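Work through the exercises below with the model open. Try each task before reading its solution.

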Amino acid sequence: MNGTNPAAGKAVRRYRLGVMGGTFDPIHHGHLVAASEVASRFDLDEVVFVPTGVPWQKKGRNVSPGEDRYLMTVIATASNPRFTVSRVDIDRPGDTYTVDTLKDLRAERGADTDFFFITGADALAKILTWRGADELFDLAHFVGVTRPGVELNSPAVAHLPKDKITLMEVPALAISSTAIRERVARGEPAWYLVPDGIVQYMAKVDLYRPGPENLSATRQHPASGEGH
Ligand SMILES: Nc1ncnc2c1ncn2[C@@H]1O[C@H](COP(=O)(O)OP(=O)(O)OP(=O)(O)O)[C@@H](O)[C@H]1O
Ligand SMILES: O=C(O)c1ccc[n+]([C@@H]2O[C@H](COP(=O)([O-])O)[C@@H](O)[C@H]2O)c1
């Protein structure tokens, strides 16, 4: 949508910001392809990747420390000039709610930005279970992308406001963070499922390998100087 700058009398193009939220434990090529495809289709100026702080719907799982997930997201997106990473969710205490993510980003970016929240088909189908779901569609347009093994136009999606969501087919990558964690734990390769730097980071800080240090929720981040 274009606005008008009254001082100059010229049409001003509004900034188009994609928001790719995820636990990213670890980030993989499915996430990166989804963001890249939506950026191209919606002519986005930037896609900001936002690693979750506490993914409350994944409680009961052993989620890696936020700093590791944040650093992997930075490493994976570094080569794309339109991809950035935000700490808003990992720096906010408590459970992570997208309604807070979008409000924080809106406060940071100002009123001249249009928001496009990118989600896979599985996450899209659960949106009505998210906190403050009724507010979400006032804060962003939602783009739901295909994911192998998940129905995109599920019955749950029929209840979402049609003018606030777009369903979009992206190249099918049957990759999940769960599968990568399991592969690493079994000593199998993760090469080419994730960017090379992520394979190297996972090995460097011993992420996902079976062992007592990975069973503890209080595992120290290497930056603290422990664990080496
Ligand atoms: N292969 C994929 N193709 C399309 N979208 C994906 C893919 N993997 C994840 N997504 C989407 O990316 C977002 C973040 O996903 P998330 O970080 O939870 O990854 P995940 O692979 O689903 O993780 P896990 O296996 O640990 O549940 C979600 O909206 C999810 O639907
Ligand atoms: O707002 C909520 O209540 C909510 C509940 C579950 C997931 N989300 C968001 O959905 C995105 C994908 O989450 P996940 O758990 O599939 O990695 C991420 O940005 C989460 O913060 C948001």
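**Exercise 1. The annotated span**

How far apart do the end C-alpha atoms of residues 19-183 lie, and what percentage of the span is helix and strand?

Solution. The model is predicted; local features need pLDDT of at least 70, side-chain atom pairs count only at pLDDT 80 or more, and totals for chains, interfaces and linings use all residues. Residues are numbered from 1 along each chain as its sequence is written, and chains are lettered from A and ligands numbered from 1 in the order in which they are written.
- Step 1: the end C-alpha atoms of residues 19-183 are 28 Å apart.
- Step 2: Helices (H or I, at least four residues) and strands (E, at least two) are DSSP runs, numbered from the N terminus.
- Step 3: an unreviewed UniProt entry gives residues 19-183 the feature "domain: Cytidyltransferase-like". Such annotations may be inferred rather than shown by experiment.

**Exercise 2. Ligand 1**

Find which residues come nearest to ligand 1, and which elements supply its shell.

Solution. 
- Step 1: the shell has 18 residues, and Gly-22, Gly-30, Gly-120, Ser-177 and Thr-178 come nearest. Here near means a C-beta atom, placed from the backbone, within 6 Å.
- Step 2: at least two residues each come from helix H1 (29-41), strand E6 (113-120), helix H5 (121-124) and helix H7 (177-185). H1 gives the largest share, 3 residues.
- Step 3: sort by class. The shell holds 6 nonpolar, 9 polar and 3 charged residues. Ala, Val, Leu, Ile, Met, Phe, Trp, Tyr, Cys and Pro count as nonpolar, Asp, Glu, Lys and Arg as charged, and the others, Gly among them, as polar.

**Exercise 3. Ligand 2**

Solution. 
- Step 1: of 14 residues around ligand 2, Gly-21, Thr-23, Tyr-97, Thr-98 and Trp-130 come nearest.
- Step 2: strand E3 (15-22) and helix H4 (98-109) each supply at least two shell residues.
- Step 3: the classes are 5 nonpolar, 7 polar and 2 charged.
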